[in-house]
Amino acid sequence: MKTFFHLIQEVQKPGLCHRCGGCVTFCTAVNYGALKIDEEGKPGYDDIEKCIECGLCYTICPEIDELEEETKRRANWSQPMGRIIETAVARSTDASILANATDGGVVTALLLHLFDRGRIDGAIVTHQTGPFQRSPFLATTREEIIAAAGFFFDTSHGMKQFSDQYMTYASIEEFDPMVKKGLKRVALVGTPCQINSVRRMQALELLPSDAIKFCFGLFCSGNFVFGPAEREKLAKIGGFSWDEVRKVNIKEALMLHLASGKKITIDLEQLYAIRRYACQYCSDYAAELADISFGGIGAAEGWTTVLARSPVGRAALADAKGAGMIEEFKYADNPSYITDALNTVRSWSSKKKKMARQNRRGLKSGSPSFSM
């Protein structure tokens with residue numbers, strides 16, 4: 001039986017840990033208390049004496065292939081980048097959501113619609129905790145969901161808040177306001193690696209994955225470390241001051257919207273030196289195991305490319321459109337728009353898969369590549 005000790009040897013030491021938080025999420029959720037996430041988002045032992053060596057943290061790690069086939073089978077995954085039932089380019093119809101949205105505000109609009117319909121009691125999102133930092137957060141009101149909209153260039157700490165909020169479901173002795181709220185229908189908005197970990201938990205029917213009813217995945221070029229040195233470097237490259245920045249977005253490039261209305265564009269290749277190390281080995285760009293995947297790639301500014309992957313995801317999208325919460329791009333103006341958008345996502349997905357394969361070969365030879 002392999003345990004967290006083997007995760008350290010096989011995943012952390014080679015630099016393959018994505019810091020999705022899945023291992024700690026499960027351990028905390030069942031109240032073992034053996035693992036913790038440090039200030040940098042890295043999983044580690046909290047109290048090694050409490051580890052019962054069940055091996056489940058090892059099994060649900062996205063870098064371990066024990067559940068790979070079962071997870072893909074449950075998601076009806078298919079080549080080249082997962083199951084796709086419907087493709088759309090859409091945006092929120094709410095002007096206040098669009099004002100703060102990264103792209104078209106579709107994720108926020110969908111969460112609000114599901115919340116208003118009583119289909120979810122809350123959503124695992126991220127909210128701003130500093131000028132350039134966001135942290136995981138369990139939103140349980142409309143106001144909290146809306147406040148989580150938008151993007152600030154940072155590196156997330158995986159699902160730490162997810163485990164913190166759900167740990168009390170397995171321990172009636174421990175008081176927590178979340179228990180009284182009885183949240184059993186939650187939407188998770190996450191990166192591909194986070195969703196991969198949750199899907200593995202669901203494949204094994206582990207807590208707290210039973211509470212996750214929707215997985216909304218974000219297109220992901222990588223997670224970036226963005227400290228003072230990195231901000232200074234990018235300011236020099238782009239010739240701007242961070243005091244001027246109003247909004248940040250990553251599509252085909254890093255786009256910084258300034259208060260003056262000016263837009264600064266920086267090629268993604270100039271960012272890879274500050275990308276989280278493990279991201280160069282990740283092959284999932286389009287959140288292939290999600291119910292719905294989202295991103296600005298392939299869509300015009302102010303719009304979101306949406307891939308409905310499961311019947312549950314497609315139904316939620318259709319219901320939101322029917323309720324007028326979301327509008328689609330007027331495809332009559334450009335009949336090939338949807339096909340073009342999907343092909344763009346496929347192209348980026350293909351590039352990420354190819355680079356991940358090359359980097360993994362380089363890892364074995366000691367010379368990984370850092371471009372995409």
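Reader: Is Gly-227 buried or exposed, and what is its relative accessible area?

Author: Buried means under 20% relative accessible area, exposed over 50%, and partly exposed in between, taken with a 1.4 Å probe and protein chains only. Gly-227 has a relative accessible area of 17%, so it counts as buried. This is a predicted model, in which local features need pLDDT of at least 70 and side-chain atom pairs count only at pLDDT 80 or more, while totals for chains, interfaces and linings use all residues. Residues are numbered from 1 along each chain as its sequence is written, and side-chain values use heavy atoms, with hydrogens and water left out.

Reader: Where does Gly-227 lie?

Author: Helices (H or I, at least four residues) and strands (E, at least two) are DSSP runs, numbered from the N terminus. Gly-227 is in the loop that runs between β7 (212–218) and α11 (228–238). Its C-alpha atom is 9.4 Å from that of Ile-274, although the two residues are 47 apart along the chain.

Reader: Which residues does Ser-209 touch?

Author: A contact means heavy atoms within 4.5 Å. Leaving out residues up to four places away in sequence, Ser-209 touches Val-198, Met-201 and Gln-202. Ser-209 sits in the loop between α10 and β7, and because its relative accessibility is 4%, it counts as buried. For the chain, 67% of the contacts between residues at least 6 apart in sequence join residues at least 24 apart.

Reader: How many bridges pair β9 with β10, and in which sense?

Author: Two strands pair if DSSP finds at least two bridges between them. Strand β9 (residues 253–258) and β10 have 5 bridges, in the antiparallel sense. On β10 (residues 263–267), Ile-264 and Ile-266 make up the covered face, while Lys-263, Thr-265 and Asp-267 make up the uncovered one.

Reader: Which residues lie nearest the centre of the largest pocket?

Author: On a 1 Å grid over the protein atoms alone, a pocket is an open set of points with protein on both sides within 12 Å along at least five of seven lines; a cavity is a set where a 1.4 Å probe fits but cannot get out, and lining residues have an atom within 4 Å of a point. The largest pocket holds about 570 Å³ of space. Of its 25 lining residues, Pro-62, Glu-68, Asn-196, Ser-283 and Asp-284 are nearest the centre. Two or more lining residues come from each of α4 (68–74), α10 (192–203) and α13 (337–365).

Reader: Which residues should I look at for the second largest cavity?

Author: The second largest cavity has about 130 Å³ of space. It is lined by 17 residues, with Val-11, Cys-17, Cys-23, Pro-43 and Cys-61 closest to its centre. The largest share of that lining, 4 residues, belongs to α1.

Reader: Where does pLDDT stay under 50?

Author: pLDDT is the predictor's confidence in each residue, from 0 to 100. It stays under 50 over residues 152–180, for which the model has 88 contacts beyond four places in sequence. Where pLDDT is low, the predicted coordinates should not be read in detail. The chain averages 84, and 87% of the residues score at least 70.

Key. Grid points are joined across faces, edges and corners, and a volume is the space filled by probe spheres set on the points.
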